[in-house]
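My notes follow the order in which I checked them.

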Amino acid sequence: MTYAALKNDRFLKALAREPVDRTPVWMMRQAGRYLPEYRATREKAGSFMDLCRNAELACEVTLQPLERYPLDAAILFSDILTIPDAMGLGLYFEPGEGPKFRKTVRTEQDIAALPVPDAERDLDYVMRAVSTIRRELNGRVPLIGFSGSPWTLATYMVEGGPSKDFRHLKGMVYGRPELAHALLDKLARSVTDYLNAQIRHGAQAVQIFDTWGGALSAEAYPEFSLGYMKRIVDGLIRDHEGRKVPVILFTKNGGLWLETMADSGCDALGLDWTINIGEARRRVGDRVALQGNLDPAVLYAPPAAIRAEVKRILDDFGDHPGHIFNLGHGITPQVDPEHARAFIEAVVELGSL
Ligand code: CP3
C-alpha cells in the first residue's frame, strides 16, 4: 500500500533529534471523552470496544482532535488491552471502574494455556483501523501506533483489572519469578508481532506504554519490565517506507531510571511530570529525544497558568534539538477543550524559533 507523502515531519525530525522550526506537540489520549464530538461518536458506536472494532469510527475519532487543534501527530485510536483480549481473557469496561477481564491469569496452567495472538489474524480490526487512518490522514501528520509494555499488560491480566498494589502479580514476581517470566516472555513476543503488524499497515512511529513500570523496585524494574521492552525494541521493524520508524518508551514514574532506559535502543523517552525535563536532558545527554512533560492537571487551571507552565518547560529543556511536547500522562475527561487549545497554542507560539 502506498500512502500520500508526509507534509508535516516535525514530530519525526524531533524524534531523530534533528532541528525543527518549532517544538512538535501531541497529547496522550487526545481522542477522548473531554471532546463532545468524541462522546457523540462513542454514543453512535455503542461500547468503547465496539468503537475500537469499527475502523471508520475509530478513524473518525482519531482525526477529531486534529480538526480542532494544530497537532503534529495522530495516535491510533485503540487500547493497550486488545492483546490480552485477543488471548481470550474477555475484556469489558465497567462504567466508573475501568477495564476488567472475565478470566484472570494466575497459575502455571493459566500461563501455559495462553496463546500468542497472530496480530494480522486475531487483531485484524486494529490493522484495518491503522490503514484507514493512514489513508484518511493523507499525509497531514504522522501516525503513531502503540502497545502496552509486557509488565503493564501483565498487571491487568493477573489482577483482573486496575489495582493499587498489584498484589497477585507482585506475589508472583517475588514468590514464583519463573512464572512471571513465562508470562512476560509470551507478552513480549505478542507485542513485537503486534507492533510490527501496525508498522506494516502504516504506523510511522510506535510508543510502548509502561504505565505501571514505576511500581517496581529498582532491582525488579530492569528484570521484569525494561528487559522485555528492550527485547521488543530489538525485534521491531526499524525502517519502513524508506524512513526510520522511531520507538518511544514511556515508563510512568520511571524518572529514577532514565539512564538505563536510554540505553535500551529506543529513540525517545516519554516523561511524566515528576521529573524536571532539563535535569532529564542532562542525564540522558544526546542519546535519546524526550517527550513530555506537562502535568495534565495544569489543564484544570486558567489559560494564563497553562501558558506559564508551557514556557517554564520549554525554558528548562533549553535550546537543543529533540523535544516533543506532550502531557506527562493522558488528558482527563473533565478538561475543558478550550484549555487543551490554550496548551497547544502556547507550544506553537512559545516553541517557535
Ligand atoms: O491517545 C489516544 O488518543 C489514543 C488512544 C488510547 C486509549 N487508551 C483510548 C481509550 C491509548 C493510547 C490508550 C492506552 C491505554 N489504555 C493505557 C496506557 C496509557 C495510560 O493512560 O497510562 C492504559 C493503562 C489503558 C487501559 C485503559 N483503557 C484504561 C485505564 C481506560 C480508562 C477506563 C475509564 O473508564 O476511565 C481505558 C479506556 C479508554 N481507552 C478510553 C479511551 C478514550 C475511555 C473509554 C470510553 O470512551 O469510555
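I call a crossing left-handed if the near helix is turned anticlockwise from the far one by less than a right angle, and right-handed if clockwise. By that rule, the crossing of H14 and H15 is right-handed.

Before going on, I noted that this is a predicted model, in which local features need pLDDT of at least 70, side-chain atom pairs count only at pLDDT 80 or more, and totals for chains, interfaces and linings use all residues. Residues are numbered from 1 along each chain as its sequence is written.

**Entry 1**

Helices (H or I, at least four residues) and strands (E, at least two) are DSSP runs, numbered from the N terminus. Two packed helices are described by the angle between their axes and the distance between the axes. Axes are lines fitted to C-alpha atoms, for helices over the stretch in contact, and angles run from 0 to 180 degrees between N-to-C directions.

I looked up H14 (residues 277–284) against H15 (residues 303–317): their axes come within 7 Å and cross at roughly 25°. I sort angles this way: under 35 degrees is roughly parallel, over 145 roughly antiparallel, 65 to 115 roughly perpendicular, and the rest oblique. H14 and H15 are therefore roughly parallel to each other.

Which residues in H14 and H15 meet? I found Ile277, Gly278 and Arg281 in H14, and Ile313, Asp316 and Phe317 in H15. Contact here means C-beta atoms, placed from the backbone, within 7 Å. The residues of this contact of H14 with H15 divide into 3 nonpolar, 1 polar and 2 charged. For these classes, Ala, Val, Leu, Ile, Met, Phe, Trp, Tyr, Cys and Pro count as nonpolar, Asp, Glu, Lys and Arg as charged, and the others, Gly among them, as polar.

**Entry 1: H9 and its partners**

I took H5 (residues 82–89) with H9 (residues 150–159). Their axes come within 10 Å and cross at roughly 45°. That makes H5 oblique to H9. The crossing is right-handed. H5 gives Ile83, Pro84 and Leu89 to the contact, and H9 gives Leu153, Tyr156 and Met157. I count 6 nonpolar residues in the contact of H5 with H9, no polar and no charged.

Next I checked H9 with H11 (residues 177–201). They pack at an angle of about 120°, with axes 9 Å apart. That makes H9 oblique to H11. H9 passes H11 in a right-handed crossing. Pro150, Trp151, Leu153 and Ala154 in H9 meet Leu183, Leu184, Leu187, Ala188 and Val191 in H11. The contact of H9 with H11 has 9 nonpolar residues, no polar and no charged.

Gly32 is found in the loop between H1 (10–15) and H2 (36–45).

I then read the unreviewed UniProt entry. UniProt positions use the numbering here, feature names are shortened, and annotations may be inferred rather than shown by experiment.

The unreviewed UniProt entry also puts "domain: Uroporphyrinogen decarboxylase (URO-D)" on residues 24–33 and 144–160. I found residues 24–33 to be 0% helix and 0% strand, with end C-alpha atoms 23 Å apart. Residues 144–160 are 59% helix and 29% strand, with end C-alpha atoms 28 Å apart.

**Entry 2: backbone**

I noted a cis peptide bond joining Gly292 and Asn293, with omega about -5°. Asn293 lies in strand S10 (residues 289–294). Arg17 lies in the loop between H1 and H2. Arg17 has a positive phi of about 60° although it is not a glycine.

Methods. Contact = placed C-beta atoms within 7 Å.
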